[in-house]
Amino acid sequence: MKKRSQIEQKYKWNLSDIYADERELKEDIAKLAKYPEIVASYKGKLKNINKCFEYFELCTEIGKISDKVEVYISLKLSENLEDNKYIELSSIVSNISKNLSVAGSFEEPELVRLGEKYLNKLLKDPRFKDYRMSIKNFIREKDHILAENEEIMLSKAMKSLGGFSDVYDNIDTLDLKFESVKDSKGKTHEVNQHNYSELMESKDRTLRKNAYESYLKGYHGLSNTIATNYISSVEGDWFVADVYRFKSTLEMSLFSTNIDAKVYDKLLENVNNNLSLMHKFYKLKKQALKLDPFYIYDRSVKITNLNEKIKYEDAYEHVISAMSILGDEYVEGLKTARDNRWIDVYPCEKKTTGGFCCNMYTPHPYILLNTVDDSRGIYTLAHELGHAMHGYLSAKNQPYQTHDHTIFLAEIASTVNEVLLFKYLYNASKTKSEKLSHLEKYISNIIATIYVQTMYSEFEYYAHTLVEKGEPVSKDILNAKYKELNAKYYGKSVKFPKEDIGETWMRIPHFYRAYYVYKYATGMSSAINFASKIYSGDKNALDKYLGFLKSGTCDYSYNILKDAGVDLLSDSAYKVVFDEINWALDEFAKLLQKK
């Protein structure tokens, strides 16, 4: 693998847009270190509207500096995970952030204590117009704000309560060991977290089977520890929800973004009513691959695997062409991201793996890729650029206070890009193999994002409900539920080997962020709604979608989506989704029958 110094400059992000040099960074860190004392000095003074406005503006100033510092350090560490200088700076900034949190712990209790009449007075004051959503949240959260001493105590405890995720990360990354396995020709293959997905796509069924069994065995060896850790995490979630006077962890999770529980219920209801589509997909794959029985370790094998080489520059041009339907402003944003080096393109020694987009108010978003110039990378590129354009357009059109977007909305823009890219590539395909390849990837992505994430959500709801009701919960109880859910979702065409006792839930790190996964499913459902209407030429839908991209958090997430034309409390929104899946499956079936 190349050293970073061997990568051409044009393929490396330009972090000097954030800080010209290390001196500027350290000056801002020094500024941040002084803020906790200044923040604490406002305690007891917020009843004075002028002082209250000063305090709000101070918090904005801190936020802007903090964002720059934290993002810059994070991106430098992404370049080199072993850079001790930035590891140390990260620790310093983390401590400053904790001190700021403790110093400002008086804020919510004090404002709530001043009463709704006072908060409404702030809402009417034009100086507070950019803080409207924050003030509305103070009013909404008044029944869930603790006394100041309790807030301080919980603030100090949150690091420990979040430690279960850190424990899991260490187990999953460092402690889990998988036995090497042999393929059908007797060749030995290492099994690890990085190559497991690739092994599951192998055409060699013996290799797939052995790798799957190795994976099961690895998790089984640490299953007692992982299960105990997860159950403790769920108990910690319920402790925090209970302390804040919520009826459940789900209620607390949804409350933070003002999402009605009926949105969650509507997702589960519609997915469960349409499980036959997921079953149909695996039945078609089973027939096409001529595998009977068709095991869970067969599901990732591609019927047609066109992993063509495509240069990064060519992939970028394809993305621009696919997104041209979104208009000139969007395309100009894509070109700016490329030409002004917002993107770190190629893998190199010590660079973090995978891909991500880091949105920030100023100067602009940054994208990390690990492109290997193949056809898979084009979807990753489109996905991360979707995140970047969402952040970029919101920052252009919103003040700092409302420029960001919630996790509930975060995966929509990225997935709209993936759907539009699929439609562009599918229609441009000349051969049956090309069309099959794009369709299979598209349907598989929908299955993984809508169906499987909803299955995960059902599982975590079950685990949390057991704890919240004080009912027994154990590794065996959780395994049995997960096995039951797998059978329900995958259907009769997919078999599970006897070695699979339902422990594969243990590999999902998102379970340590309660009720996170359902947002992938609602996000893709929303994206299919947007993309389908835009692709059909609906100008009104396009205008509403561009408005959505520019909205940030100027309103609550559900309202922003509904105003843009997607109502997740309506069955009609899900009808668009399942109509799209039906279309894709029909196309898939026709192509499989075609000579």
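Q: Which residues line the largest cavity?
A: In this predicted model, the lining is made of Ile-310, Lys-311, Tyr-312, Ala-315, Thr-371, Asp-373, Asp-374, Gly-377, Ile-378 and Leu-381.

Q: And which elements give two or more residues to that lining?
A: Those are α15 and α17, the latter covering residues 377–397. The largest share comes from α17, with three residues.

Q: What's the volume of the largest cavity?
A: About 40 Å³.

Q: How does its lining divide by class?
A: Five of the lining residues of the largest cavity are nonpolar, two are polar and three are charged.

Q: What lines the second largest cavity?
A: You'll find Lys-64, Asp-67, Lys-68, Met-360, Tyr-361, Thr-362 and Tyr-400 around it. By class, that lining comes to three nonpolar, one polar and three charged residues.

Q: Okay, pockets now. How much space lies in the second largest pocket?
A: About 160 Å³.

Q: Which residues lie nearest its centre?
A: Lys-10, Tyr-11, Tyr-312, Arg-338 and Asp-339 do, out of 13 residues that line the second largest pocket. The elements giving two or more residues to this lining are α15 (312–323) and α16 (328–339).

Q: Which of those gives the most?
A: That's α15, with four residues.

Q: What classes of residue line that pocket?
A: The lining of the second largest pocket has seven nonpolar and six charged residues, and no polar ones.

Q: Is Cys-52 buried or exposed?
A: Cys-52 is buried, as its relative accessible area is 0%.

Q: And why does Cys-357 count as it does, at 19% relative accessibility?
A: Cys-357 counts as buried at 19%, because the cut-off for buried is under 20%.

Q: Where does Ala-33 lie?
A: Ala-33 is in helix α1, which spans residues 22–40. Its relative accessibility is 47%, so Ala-33 counts as partly exposed.

Q: What separates Ala-33 from Ala-564?
A: Along the chain they are 531 residues apart, and their C-alpha atoms are separated by 41 Å.

Q: Let's zoom out. What secondary structure does the protein chain have?
A: There are 24 helices and seven strands.

Q: How does the radius of gyration of the protein chain fit with a compact globule?
A: The two agree: a compact globule with 595 residues would have a radius of gyration near 25 Å, and the protein chain has 25 Å. Along the principal axes, the C-alpha atoms fill a box of roughly 75 × 55 × 50 Å.

Q: What share of the residues is buried?
A: Buried residues account for 54% of the 595 in the protein chain.

Q: Last one: what about contacts between residues at least 6 apart in sequence?
A: Of those contacts in the protein chain, 76% join residues at least 24 apart.

Terms used
Residues numbered from 1 in each chain as written. Predicted model: local features only at pLDDT ≥ 70, side-chain atom pairs only at ≥ 80, totals over all residues. Heavy atoms only, no water. Buried < 20%, exposed > 50% of the residue type's maximum accessible area, 1.4 Å probe, protein only. 1 Å grid on protein atoms, 1.4 Å probe; cavity = no way out; pocket = protein on both sides within 12 Å on 5 of 7 lines; lining within 4 Å. Points joined across faces, edges and corners; volume = space filled by probe spheres on them. Nonpolar A, V, L, I, M, F, W, Y, C, P; charged D, E, K, R; others polar. Rg over C-alpha atoms; globule rule 2.2 N^0.38 Å. Contact = heavy atoms within 4.5 Å.
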